[in-house]
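Here is a short report for a first look at this model. Keep the structure open as you read.

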Amino acid sequence: MRFIARYAKERGRIFEITTVYDTEVKKEQVDKEKPVIGTLSHEHPAALWFERKMQDDFGIIVEDAFDKRPLVHQEQFPKHVHPMRKDFHAKELEFSEFQPYNYEVINGDGVFQVSVGPIHAGIIEPGHFHFSQAGEKMLHLEVRHFYKYRAIEKMLEGKTLHEAKPIIERISGNESIAYQICWRDIVLQASQQELPLALQKQHAFLLELERIIHHLTDLGFIPNDAGFGAALALGSKLAEDARRKMKEITGHRFGFGAIDFENRLLDTASLDEWLYDMEENIEYFEDWIIDIPSLWDRFDTTGMLSLKKAVKYDSVGVVARASGLATDRRLNAFYLQHGFELSSEISGDVAARFKVRISEVKNSLKMMHNLLEEDTTALHIKSVDDGEYVSFTESSIGELFMAIDIKEGVIERFFVRDASFMNWQALHVMMRKDIIADFPLINKSCDLSYAGNDL
Amino acid sequence: MMKFWNKRVKLGILTENPELEDDIKAIQKEIKDKVKKKFAGSLAIRMVDSGSCNACEAECNALSNPYYDLERLGIYFVASPRHADVMLLSGLMTFNMTPHVLEAYEQIPEPKWVITLGDCPVMAAPFEKTFAIKAPADKYLKITHHIAGCPPSPKEIMLGLLEFLKKI
């Protein structure tokens, strides 16, 4: 059973804890006066962050957890403040006294600590990595995030689905289309409407375009982190070409605002031609890069995530597929009809994640030909009904899960779990045999989102 | 190997907006003394993300792609605030990042400037104020210039930086 998410909701005098697996959903209720639950982290280590987040957000006590440190609330966050409770309304919080955070460390003769971040050397998002080192060898890594915590879940409460849209599409810029499609599916469920095939194809086209932009950027940056800058020049050129195409189609370089129920007329002939051109380029790129032995010397066997560990940590997306775990939300009739093929590798190293990305770009381009449609049927959205809705989308990083409860027409509880939230928790098990100089390469090969993780 | 060089020759030079080079030359002439004195002919930028959606960072990374090639203008992104003249600040100044942003600012040697990037640090993006957001950034830092957009495109960032150079 694959663990997907665990989150709490406040329901009058109780907290309802929802645990989502791929095959079932479990619900338990605890009294608000004495909110104590048991941990799932022994069977599913990735449940740990969900539980620590619940503890910060609601003050729920996870009795038998081996790790009860705060997750979202950092050193200067006021104690005993649980912002996701309904009686919390403050718009401003003062910094409280600095309380040191106890990092997970390994001690011993000659073992030393390396602390990296939250501000990194490159142009990347903030996050903290804490290494225990024996010389160059990494003994342990603790990933510590939530520097970008904007309290999105709280921000969206009390808004209608349409008011929430501009915020949802800006949760994680690289995955904007995926977030919007999750939102779209919830709107459709809540208004009990079916999406016309033409629109479904158009949205899927944009999602694949977003995926190739993200993958092409990574295909440049991963070799760059191994010291091969030429790949970045070509990769970033191709990514820019695709981003400009996004702008041409949606009017925005990241596709903010692109998923709605209107239908844009696409110039299918010129897009077809552009797709052929991209295919030629990616084939050239693959042919060229596969022949650089010094690069593969760095990629092969680096940052290995075994299939066993990928299953244990309930990994998703590119990371899971590179370790031989066949999970992809696109494994459904619609995508299979339009030429979807699951890309996977078995070695689980940086090389595998790199190759999965190349193969996915090629498959996406092939699918995009089939997704082009000249039909312009649009959809008018009726009013939405109250209820509890969930949706899944495969973003460029992996499975995205969104759950929205609507009460009296507005959002009562908003929950979203980025693929990154799962995969960050598996990052430290990839480092077992590597030296610290390989860390940036391993991290980049997973290319996880900080913004989507922190919310 | 031949394939690579064939492709290279076929692609040629992709860099756009060569007029910006003339612009920077004009500016350099105009504010030659300032730039020479303060920046030794080049401007070093420390990009700090204080809680954005990563789109502003993606656009800053795009500035190094062959179409924009920012470095030809003598403008560099540097790895440490201690190497920087300017802090380019994106994001919402989250509760958890604000102390680190201020610390990074402290580390920049004088004279120093702050440019805000994108709609977030001035609270013009669709995000609403919550307890976890400390923006607008001008409550904490003196902002010299602002580059608007959600996110600003690479060209807008380039033009914004040139405007900043004219300003100081």
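This is a predicted model: local features need pLDDT of at least 70, side-chain atom pairs count only at pLDDT 80 or more; totals for chains, interfaces and linings use all residues.

Which residue of β7(A) is the bridge partner of A:Gln113? The partner is A:Ser132.

## A three-stranded sheet in chain A

β6(A) and β7(A), the latter spanning residues 128-134, pair in the antiparallel sense. Five bridges join these two strands. They belong to an open sheet of three strands, in the order β6-β7-β8. The pairing in this sheet is antiparallel.

Two strands sit at the edges: β6 (112-116) and β8 (137-144) of chain A. Each of them pairs on one side only. Leaving direction aside, neighbouring strands here are turned against each other by 20° on average.

## A hairpin in chain A

Further along chain A, strand β9 (residues 387-394) pairs with strand β10 (residues 399-407). The sense is antiparallel, and there are eight bridges. Four residues lie between β9(A) and β10(A), and the two strands form a hairpin. Within the pair, A:Ser391 stands opposite A:Met402 of β10(A). In a regular strand, side chains alternate between the two faces of the sheet.

A:Glu399 lies in strand β10 of chain A. Is A:Glu399 buried or exposed? A:Glu399 counts as buried, because 25 C-beta neighbours lie inside 10 Å.

Which residues does A:Glu399 contact, leaving aside its neighbours within four places in sequence? They are A:Val316, A:Gly317, A:Thr327, A:Arg329, A:Phe392, A:Glu394 and A:Ala419. Take A:Gly317 from that list. A:Gly317 and A:Glu399 are 82 residues apart along the chain. Their C-alpha atoms are separated by 5.9 Å.

## Helix α4 of chain A and its two partners

Helix α4(A) covers residues 176-190, and helix α5(A) covers residues 197-225. Their axes come within 9 Å and cross at roughly 150°. The two helices are therefore roughly antiparallel to each other. On the α4(A) side, the contact uses A:Ile177, A:Ala178, A:Ile181 and A:Arg184. On the α5(A) side, it uses A:His203, A:Leu206, A:Leu207 and A:Glu210. By class, that gives five nonpolar residues, one polar and two charged.

α4(A) also packs with helix α3(A), residues 161-168. Here the angle is about 170° and the axes are 10 Å apart. That makes α3(A) roughly antiparallel to α4(A). α3(A) brings A:Leu161, A:Lys165 and A:Ile168 to the contact. α4(A) brings A:Tyr179, A:Gln180, A:Trp183, A:Ile186, A:Val187 and A:Ala190. The residues of this contact divide into seven nonpolar, one polar and one charged.

## Helix α6 of chain A

Helix α6(A) runs over residues 229-250, with 22 residues. How far does α6(A) reach from its first C-alpha to its last? The reach is 31 Å, close to the 32 Å expected at 1.5 Å a residue. Just after this helix, A:Gly251 takes a positive phi of about 85°.

The buried residues of α6(A) include A:Ala231, A:Leu232, A:Leu234, A:Gly235 and A:Ser236. Also among them are A:Leu238, A:Ala239, A:Glu240, A:Ala242, A:Arg243 and A:Met246. The buried residues of α6(A) pack against α5 and α7 (268-289) of chain A, together with α4 of chain B.

## Chain B as a whole

Chain B has 168 residues, and 45% of them count as buried. The secondary structure of chain B comes to six helices and five strands. From the N terminus on, the elements run α-α-α-β-α-β-β-α-β-β-α. Take the contacts in chain B between residues at least 6 apart in sequence: 80% join residues at least 24 apart.

## Where the chains meet

How many residues of chain B are in contact with chain A? The count is 40 residues of chain B, in contact with 40 residues of chain A. Four elements of chain B give two or more residues to this side: α1 (2-11), β1 (43-49), α4 (55-62) and α5 (98-107).

Which element gives the largest share? That is α4(B), with six residues. The side of chain B that touches chain A divides into 24 nonpolar, 10 polar and six charged residues.

How values were computed:
Residues are numbered from 1 along each chain as its sequence is written. Chains are lettered from A and ligands numbered from 1 in the order in which they are written. Two residues are in contact if their C-beta atoms, placed from the backbone, lie within 7 Å. Ala, Val, Leu, Ile, Met, Phe, Trp, Tyr, Cys and Pro count as nonpolar, Asp, Glu, Lys and Arg as charged, and the others, Gly among them, as polar. Axes are lines fitted to C-alpha atoms, for helices over the stretch in contact, and angles run from 0 to 180 degrees between N-to-C directions. Angles under 35 degrees count as roughly parallel, over 145 as roughly antiparallel, 65 to 115 as roughly perpendicular and the rest as oblique. Two strands pair if DSSP finds at least two bridges between them. The expected span of a helix is 1.5 Å times one less than its number of residues. A residue is buried if 20 or more other C-beta atoms lie within 10 Å of its own, exposed if 12 or fewer, and partly exposed in between; C-beta atoms are placed from the backbone.
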